[in-house]
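Q: I would like a close look at one part of this model, the pockets and what surrounds them. Please keep the description plain.

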Amino acid sequence: MIIQAIFIVMTLCTLGGAVGVVSSRNLFHSALYLILSFFGVAGYYVLLSAGFLAVIQLMVYIGAIAILILFAIMFSRESAMNSAKESQANRQRWLGLPVAMGLFISLIAVIIPVNWPIQQTAPTTDMVRDLGVAFLTSYLIPFEVVSVLLSVALIGAVMLAREENPPVKETK
Amino acid sequence: MLPIPLSWWLAVSAALFSIGLYGALSRKNAIAILMSVELILNAVNINLVAFWRYIAPQAIDGQMFAIMVITLAAAEAAVGLAIVIVIYRQYASAVVEEFDLLKN
């Protein structure tokens, strides 16, 4: 009973935060709603007994990505904050809404009738150790590829954002 | 043992994905579009972890995939925001409709 209550609270956090992200006029508020949504997803991972992923979610998503997004919003503050009065939605808004609703309805229609082969066994207790072993044995190549990708992303982001020349074109 | 049916998780994940899709389609600001993409990736992760817990709890592949998705999301956010900042420097705007250098 209490598990269901926690699930509903987490759902309110996640989906409410998500609606705030896509509907808030102030971009800064959007980013704060995004943090709320990430918190809800971290709670989901705890409910699914994936504690390690919950910690990763808090550290990477809230600690790194959300802060990075807040930084970017502050860098482009004139465009993001001074335009908080006008709508943040483009012309495709009334096309995007039925597309998203239709996708949701069709996904639900697919999900509900399926009889999933659920296993009632408990997950392994020593998940972090198993993950570490798997990273160095069966998942060694994806692990190395991801580490190369992270290096490339780091160098690429620094190279892109570095100011080499003064701005050549100012479009109002 | 498993007090919440699997379809609840899938329904929540589908709802989060649809909200993120709507945001990615309808927002003007490039940073807002990136935030919507993060919502979509979170929906995918909920799906992966829920299937791991309910269908293959002894295996680790579900969590492994979720970790990979989180890593790729971090890389995508870093590069995407760097691109947004570069474009903002050029155009003094982050509204994607104004970036029409390659149009026509």
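Into which domains is chain A divided, and what lines the largest pocket?

A: This is a predicted model. Chain A is split into domain 1, residues 1-83, and domain 2, residues 127-163. Taken over C-alpha atoms, the centres of domain 1 and domain 2 of chain A are 24 Å apart.

Both domains take part in the largest pocket: its lining draws at least three residues from each of domain 1 and domain 2 of chain A. The space in this pocket amounts to about 350 Å³. Its lining consists of 19 residues, and those nearest the centre are L68(A), A157(A), A74(B), A78(B) and L81(B). The largest share belongs to α3(A), with seven residues. By class, the lining of the largest pocket has 19 nonpolar residues, no polar and no charged ones.

The second largest pocket has a volume of about 260 Å³. It is lined by 18 residues, with V22(A), S23(A), L97(A), I19(B) and Y22(B) nearest its centre. The elements that contribute two or more residues here are α1 (2-23) and α5 (93-111) of chain A, along with α1 of chain B.

Helix α1 (residues 6-26) of chain B and helix α2 (residues 30-55) of chain B have axes that come within 8 Å and cross at roughly 165°. An angle over 145 degrees counts as roughly antiparallel, and α1(B) and α2(B) are therefore roughly antiparallel to each other. The crossing in which α1(B) passes α2(B) is left-handed. In the contact of α1(B) with α2(B), 17 residues are nonpolar and six are polar, while no charged residue is present.

Terms used: Residues numbered from 1 in each chain as written. Chains lettered and ligands numbered in written order. Predicted model: local features only at pLDDT ≥ 70, side-chain atom pairs only at ≥ 80, totals over all residues. Heavy atoms only, no water. Axes fitted to C-alpha atoms, helices over the stretch in contact; angles between N-to-C directions. Helix = DSSP H or I, 4+ residues; strand = E, 2+ residues; numbered from the N terminus. Parallel < 35°, antiparallel > 145°, perpendicular 65-115°, else oblique. Left-handed = near helix turned anticlockwise from the far one by under 90°. Nonpolar A, V, L, I, M, F, W, Y, C, P; charged D, E, K, R; others polar. 1 Å grid on protein atoms, 1.4 Å probe; cavity = no way out; pocket = protein on both sides within 12 Å on 5 of 7 lines; lining within 4 Å. Points joined across faces, edges and corners; volume = space filled by probe spheres on them. Domains from an automatic or database assignment.
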